[in-house]
Amino acid sequence: MHSTVVRAISVRPAARIAAARAPKPSARPPARPQFSRGARNNNDVFLQKGTHRSRLVASRAEKQSDGAGEADAEKPKKESEDVAKDEDDEMKAEAGAGDAERPDDVVGDVEKAPALDDDVAPALEGDWRDFRAMLISQEKGKDELVDEDEIAAASGPNLELLRQQNPKLAKDKPWAHRIGAPEKGCLLLAAADEFTLGQQYFHQAVILLLEHHEKGSMGVILNRPTQYNMGYVSGQSDGPFAENALYFGGDVGDGTVSFLHGSDKVQGSAEVLPGVYLGGYDSACELVKKEEVDADEFKFFARYCGWAPGQLKSECERGVWYPVACSKQLALKQVIQLPKPLWREILELCGGELKSAAARAYGEEDDAN
């Protein structure tokens with residue numbers, strides 16, 4: 001799997017800002033996923049690490065996000081250079097000749113091509129998510145996974161707002177369906193009765209899974225906006241992303257900032273799912289300054305969520321998370337003052353049991369029952 005990223009941005013000292021109260025560890029501290037040396041040492045994913053201001057913003061974001069509760073702020077421990085070198089050697093051995101074909105700024109894990117007995121045929125590798133969605137719609141006896149009436153019922157008010165905010169993204173039809181296990185590029189929706197007491201920032205959270213492999217998993221929470229913007233974090237009030245909202249991405253990675261976008265023009269970025277990209281900061285800045293892309297198309301996140309090898313799979317099997325495949329619109333749109341919460345919108349688009357769970361969570365009866 002590719003792990004790409006952007007260079008560090010400067011963050012001015014926060015000498016006049018009072019230090020935030022240290023977050024309390026919860027009963028279940030987050031585990032740090034293991035990644036290749038390239039993902040750890042390069043700055044493709046993380047814009048800034050360890051600055052006082054970014055740590056303060058992330059700490060405050062935990063308290064001020066919807067349903068904020070106790071914070072898990074286990075700072076990732078630095079792994080030895082010997083271990084990192086071994087990992088690089090393993091990656092190179094697995095990648096083989098394929099490394100020569102990759103861009104220089106794309107580093108990290110390389111996902112092997114699927115075997116002939118895999119669920120996805122090699123010829124469909126580029127758009128297998130759409131193909132799977134088509135198969136599911138056929139199983140339901142429909143021409144489309146989600147018809148216009150279902151979209152209007154689940155996404156109507158949110159879609160109207162998106163048409164005003166980002167008309168281009170609004171043209172992408174929203175759809176979502178449940179899948180059997182977590183995968184890179186899927187969403188994780190917290191089960192309705194989870195995280196009501198501890199780690200409340202995960203209550204009704206919608207997480208985009210950026211990495212998922214044998215070394216661990218990582219993602220960012222899509223529906224936890226903070227009161228801060230990137231101009232405040234970077235100290236550059238006239239920067240290209242100064243007005244962009246900063247989201248609370250998770251409880252791991254103290255002082256890190258990452259971002260998502262939908263532009264294939266941004267160099268140095270990696271595709272997380274079709275039409276959704278991670279990283280490429282320098283290129284993104286240039287494109288925004290040249291007005292080739294709109295700054296509003298970018299979403300920035302402080303910190304991220306992390307799982308140790310096998311941990312996320314176990315949590316999904318226990319019903320902590322609903323793994324869901326979705327359209328790019330649901331992953332990229334801004335989630336600020338939505339008429340309908342993103343968590344509920346996606347569950348309603350999934351239909352069936354998940355739609356009923358959303359109705360129960362809001363004290364309503366599902367129309368289908």
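**Stop 1: around α11**

Start at G351, which sits just after α11 and has a positive phi of about 75 degrees. Helices here are DSSP runs of H or I with at least four residues, strands are runs of E with at least two, and both are numbered from the N terminus. Before going further, keep in mind that this is a predicted model: local features need pLDDT of at least 70, side-chain atom pairs count only at pLDDT 80 or more, and totals for chains, interfaces and linings use all residues. Residues are numbered from 1 along each chain as its sequence is written, and side-chain values use heavy atoms, with hydrogens and water left out.

Now select α11 itself, residues 342-350. How many of its residues are buried? The count is 9 of the 9, so α11 is largely enclosed by the rest of the structure. Buried means under 20% relative accessible area, exposed means over 50%, and partly exposed is in between (1.4 Å probe, protein chains only). Click along and you'll pass L342, W343, R344, E345, I346, L347, E348, L349 and C350, which are buried.

**Stop 2: the neighbour, α12**

The crossing of α11 and α12 is left-handed, a label used if the near helix is turned anticlockwise from the far one by less than a right angle.

Show the side chains where the two helices meet: W343, R344, L347, E348 and C350 from α11 face G352, L354, K355, A358 and A361 from α12. Contact here means heavy atoms within 4.5 Å. Sorted by class, this contact between α11 and α12 has 6 nonpolar, 1 polar and 3 charged residues. For that sorting, Ala, Val, Leu, Ile, Met, Phe, Trp, Tyr, Cys and Pro are nonpolar, Asp, Glu, Lys and Arg are charged, and the others, Gly among them, are polar.

**Stop 3: follow the charges**

Zoom in on R344. A salt bridge is a side-chain nitrogen of Lys or Arg within 4 Å of a carboxyl oxygen of Asp or Glu. R344 and E348 are 4 residues apart in helix α11, about one turn of the helix. R344 is buried at 13% relative accessible area, and E348 is buried at 16%.

Next, select E364. Its side chain also meets R344 in a salt bridge (2.4 Å, N to O). This pair links distant parts of the chain, with E364 in the segment after α12 and R344 in helix α11, 20 residues apart. E364 is partly exposed, at 38%.

The salt-bridge count comes to 8. For another one, jump to D254 and R303, whose closest N and O atoms are 3.0 Å apart. D254 is in strand β9 (residues 252-261) and R303 in strand β12 (residues 299-307), so the pair ties together parts that are 49 residues apart in sequence. D254 and R303 are both buried.

While you're here, bring up helix α8, residues 281-289. Its buried residues are Y281, S283, A284, C285, L287 and V288, and they pack against β9 and β12. Just after α8, E291 has a positive phi of about 60 degrees.

**Stop 4**

Select Q204, in the loop between β4 and β5. Q204 is buried at 16% relative accessibility, and its side chain makes a 3.0 Å polar contact with that of Y362. A polar contact is a pair of N or O atoms within 3.5 Å; within protein, one must be able to donate a hydrogen and the other to accept it, and residues adjacent in sequence count only if both atoms are side-chain atoms. Leaving out residues up to four places away in sequence, Q204 touches A190, N223, R224, W343, A361 and Y362.

Most residues other than glycine have a negative phi. Q199, however, has a positive phi near 50 degrees. You'll find Q199 in the loop between β4 (187-190) and β5 (206-213), buried at 7% relative accessibility.

Finish at Q337, where phi is positive too, near 55 degrees. Is Q337 buried or exposed? Q337 is exposed, with a relative accessible area of 75%, and lies in the loop between α10 (328-332) and α11.
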